[in-house]
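Please consult the sequence and the structure shown below.

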Amino acid sequence: MKTIGILTSGGDAPGMNAAIRAIARTAFANGLRVKGIRNGFDGLIKGDIYEMNVSSVADIVHKGGTILGSARSKEFMTKEGQDKAIEVISSYGIDGIVVLGGDGSFQGANVLHERGIKTIGIPCTIDNDMGFTDWTIGFDTAVETCVDAISKLRDTSSSHGRGNVVEVMGRHCGDIALYAGIAGGAESILVPEVEVDMNQVIERIKRGKARGKLHHIIVVAEGLGNSRDIVKQIEDETGVETKLTILGHFQRGGSPAMRDAVLASEMGIEAVELLLEGKSSLAIGTQGGKLMTMPITKAIKMKREFNTKLYTESSILAN
């Protein structure tokens, strides 16, 4: 192992840059060369690669997004695209690649492994939707961003006696909605994993209104796909003026929270050490607060288990 590449793919997540920094500096400390691969697997196919040095990763630990850029690549899904990628890897003398991203990125990493390139995957996705690990890099920061937004919305909602439906990211996984809703004190939390009971939502708002409550916050995961319908139903059945706030990609930005920055750094160091040990096609995750590894093929098959106990408890807290 003389030269490693770093590649970020899929949606960006706060903490990716902290991981890039840790990978590069650990590699340099072990006498390795580092190649930055721009724009994911698309950049790999196109040979959009540059030599990194200590200055390349200076002052990036606190930055959101990814300095390497990210892009989708339909071409990499084809044999021709994969052949091009292997040719580029060989021409740049890259012996191993650390891939940062979610399930799709990990699948790409395993493709490279099967073609003889050593790969290690680091889970970076704000959705926290990878079943093999307790936490993914970027999730904690996204939740904190949502909690801050909820706090601000509560202020203005209280001033006008309004309700506010806050739509957060989470197409198939309701973790952002669940954790942000609890931490932000939402009255109701609606997620794709649990059947929505709008009667319960309506009754909770009515009870709050009867005791003089001036604000009503309902957090909805985007996967439900009907936030505007929810707003209309609340207004029609409670008489409470209700606004919709869609946080969207606002959740992806910002400096990583402490846990994301530290976890990303730990995983970055571990990734280089695994490559130096000759390991390949491993996903790094956490279980019980400790780093662990699992074959990528197994990791991408594990479904995320929704914390139904915590979700049930959130209803108690909201009453």
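**Helix and sheet**

Helix α6 (residues 175-184) lies across β6, β7 and β8 (216-221), running at about 175° to β7. Helices (H or I, at least four residues) and strands (E, at least two) are DSSP runs, numbered from the N terminus. Axes are lines fitted to C-alpha atoms, for helices over the stretch in contact (heavy atoms within 4.5 Å), and angles run from 0 to 180 degrees between N-to-C directions. This is a predicted model, in which local features need pLDDT of at least 70 and side-chain atom pairs count only at pLDDT 80 or more, while totals for chains, interfaces and linings use all residues. Residues are numbered from 1 along each chain as its sequence is written, and side-chain values use heavy atoms, with hydrogens and water left out.

**Sheet**

- An open sheet is formed by four strands in the order β7-β8-β6-β9, with parallel pairing (two strands pair if DSSP finds at least two bridges between them).
- Because β7 (188-190) and β9 (242-246) stand at the edges, each with a single partner strand, one side of each is left without a neighbour in the sheet.
- From one strand to the next, the twist averages 20°.
- Five bridges join β6 (residues 163-168) to β9 in the parallel sense, and Asn164 stands opposite Lys243 in β9.

**Cysteines**

- The whole structure contains zero disulfides (pairs of cysteine sulfur atoms within 2.5 Å).
- The closest cysteine sulfur to that of Cys146 is in Cys173, 13 Å away and too far for a bond.
- Cys146 is buried (under 20% relative accessible area, against over 50% for exposed and in between for partly exposed; 1.4 Å probe, protein chains only), with a value of 0%.
- Cys173 is also buried, with a relative accessible area of 6%.
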